[in-house]
Amino acid sequence: MDFNTYIKQSKKRCEEEYRLEPTEIPTLQIELTEAEMEERKQTFEHALPVIQHFMEKVLYYMDGTPIIVATTDEEGYVIHKFGDESMMEMIHAFGIHNGVRFREKVAGTNSISLSLLHDESIGLVGKDHYHEALHGIACYSAPFHYGEDGRISGTISIMTTVEYESQFHLGLLSSAVDSIERELRLQEKNNKLEILNQIMINSTPIGMIMTDQEGRITDYNAALEKLVEYSMKERLAKGDTKTYVIKPYVDHVLWTGEKLENKEVTLSFDDGEREKIFQLDVLPIYDGDEVIGAFAQLRDMTNYYELQEKLIESEKLSTLGKFSAGLAHEIRNPLTSIIGLTQLLKETNAQNKYLEIITSELDRMKNLVNQFVLLGKPSSVQPAPCNLHDLLEETIELMKSSARLQDVSITFESNQKDLVMTIDEAKIKQAFINFIKNAFESMENGGEVQVRLVHHPGSNKVEVTIEDEGEGMDPDEVSNIGTLFYTSKENGLGMGLSISLEIIKAHHGTVDFNSEKGRGTKVELCFPV
Ligand SMILES: Nc1ncnc2c1ncn2[C@@H]1O[C@H](COP(=O)(O)OP(=O)(O)OP(=O)(O)O)[C@@H](O)[C@H]1O
Ligand SMILES: [Mg+2]
């Protein structure tokens, strides 16, 4: 549209509607309280630095021209101005301060009101202004928009004296405002992205860590603190930026610049009482060609693995195991009657030697059946305080008679007579018996079994070892250990170790087999204290 038409219409309004006197000096008044002014300024908090930045460039191009840059909001209130000092004095003389409102009704024809009215860039030079007092200045105003609705957010104006008037000023201002709008929109978008990022980072169950080039933690998310169960904030505040268990992976990524995926790391808690298994990915962060840090994410797989283990376990049991356990249970009842009746028979036929054999065979059967039944039951431990030394001594005493029968000897060494642990005494005893029985059975031609209890004062672990001089196992055989029904013995069931390992596990203990074919086996049991 043609400025001249806008100006003409405006002047007509000033004369006929507002009845302004062109010879009078327009007196703009501050209509806002300081608080109201502050509030308006707040909405420009992000825009003002951008406006200042781009408009300073304009001033730089127009070097030598005395210029004021003024920003108003969408209602024409002056929010901010800066620029040439002598020009600033001049406009102050007209009452143009921050907080005054440019209204045609008071200020007469002016570029700010017109550009707000028509949503266009407008330049007014000298006599284009209604008031004679303003005939010495040239003003150029451009509306700017950056909200999503496309509404006018305000205006940016440059003011100078008529001597410096130029047709280029308006073009320069318009292109500066273009840049400002683009920058503000970009900032807005970034801001939204940033917020979105924050929401995503803080609501995911995945633990995240960022490190710098040296592998020091610089950032982490809320989920990470939950996973590792300590306050990262406190650690970082103390200057501890180490990555601990994941350090080897982070270092690898920082050195090679290649990502690592699905690595498994284990973290222990409560002095080794509890463990969590994490799946870890580490990715390098690049700036151009240079690795400037690493990004690690941790997923808690503990539940998943526990579930899987239970599944495998129950599958194992649900096939042959459950079937035999059920069968064993059914056999046990008639067996009990048979044993009872045989006992009665024995009382009346004391001299019948077959009955002796029947009884002992029935006893053997009862033991086997009992083991089967036990296997079918989910192993629940009933822990109570128990002196481990005494328990071992008692168990060994119990085993001595069968040792003599098999022509083997058994010794016991202990450095800790007073260690009281909370364990299921009957179950642990059963496990010890199974290990010792295996040791006896491995020494067909006799030999010695050494049982040792080692606990160092202050240590949170106690070790029990059972060492034999038997036939031993090759690595293949060792790898089969604990597989239900795996046995190398003619009369073996392959259940002893399955049961024992289960018991040790239920006590959070570990078992290690050191075995050499032809030399013997050392079973190392380790329990947390
Ligand atoms: N101390 C050991 N020396 C050599 N081999 C061993 C020893 N302990 C276990 N094994 C091997 O592991 C197998 C499995 O042992 P496990 O106690 O589970 O079953 P088993 O002794 O064969 O039968 P049972 O159910 O009666 O105990 C054994 O058959 C044997 O081959
Ligand atoms: Mg056995």
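I took helix axes as lines fitted to C-alpha atoms over the stretch in contact, with angles running from 0 to 180 degrees between N-to-C directions. The model I looked at is a predicted one.

**Entry: H13 and H14.** With that convention I looked up helix H13 (residues 388–405) and helix H14 (residues 425–442), whose axes cross at roughly 40° and come within 10 Å. H13 and H14 are therefore oblique to each other. I noted the handedness of this crossing of H13 and H14 as right-handed. From H13, I listed Leu388, Leu391, Leu392, Glu394, Thr395, Ile396, Leu398, Met399, Ser402 and Ala403 as the contacting residues. H14 contributes Glu425, Ile428, Lys429, Phe432, Ile433, Ile436, Lys437 and Phe440. Sorted by class, the contact of H13 with H14 holds twelve nonpolar, four charged and two polar residues.

**Entry: H3 and H7.** Next I checked helix H3 (residues 47–61) against helix H7 (residues 167–203); their axes are 9 Å apart and the packing angle is about 150°. I recorded H3 as roughly antiparallel to H7, because angles over 145 degrees count as such. H3 crosses H7 in the right-handed sense. On the H3 side I found Ala47, Val50, Ile51, Phe54, Met55, Val58 and Tyr61 in the contact. On the H7 side I found Leu172, Leu173, Ala176, Ser179, Ile180, Glu183, Leu184 and Gln187. The contact of H3 with H7 comprises twelve nonpolar residues, two polar and one charged.

**Entry: H1 and H6.** I then turned to helix H1 (residues 3–17) and helix H6 (residues 111–118), which cross at roughly 110° with axes that come within 11 Å. This makes H1 roughly perpendicular to H6. The crossing of H1 and H6 came out right-handed. H1 supplies Tyr6, Ile7, Gln9, Ser10 and Arg13 to the contact, and H6 supplies Leu114, Leu117 and His118. I counted the residues of the contact of H1 with H6 as four nonpolar, three polar and one charged.

**Entry: salt bridges.** My search of the whole structure returned 23 salt bridges. One of them joins Arg40 and Asp73, with the closest N and O atoms 2.6 Å apart. Arg40 belongs to helix H2 (residues 34–43) and Asp73 to strand E1 (residues 68–73), so this pair ties together parts that are 33 residues apart in sequence. Side chains of opposite charge can pair when their charged atoms come close.

**Entry: domains.** Last, I looked up how the protein chain is divided. I noted domain 1 (3–194), domain 2 (204–300), domain 3 (305–376) and domain 4 (384–528). For domain 3 and domain 4, I found the C-alpha centres 23 Å apart.

How values were computed: Residues are numbered from 1 along each chain as its sequence is written. Chains are lettered from A and ligands numbered from 1 in the order in which they are written. This is a predicted model: local features need pLDDT of at least 70, side-chain atom pairs count only at pLDDT 80 or more; totals for chains, interfaces and linings use all residues. Side-chain values use heavy atoms; hydrogens and water are left out. Helices (H or I, at least four residues) and strands (E, at least two) are DSSP runs, numbered from the N terminus. Angles under 35 degrees count as roughly parallel, over 145 as roughly antiparallel, 65 to 115 as roughly perpendicular and the rest as oblique. A crossing is left-handed if the near helix is turned anticlockwise from the far one by less than a right angle, and right-handed if clockwise. Contact means heavy atoms within 4.5 Å. Ala, Val, Leu, Ile, Met, Phe, Trp, Tyr, Cys and Pro count as nonpolar, Asp, Glu, Lys and Arg as charged, and the others, Gly among them, as polar. Domain bounds come from an automatic or database domain assignment. A salt bridge is a side-chain nitrogen of Lys or Arg within 4 Å of a carboxyl oxygen of Asp or Glu.
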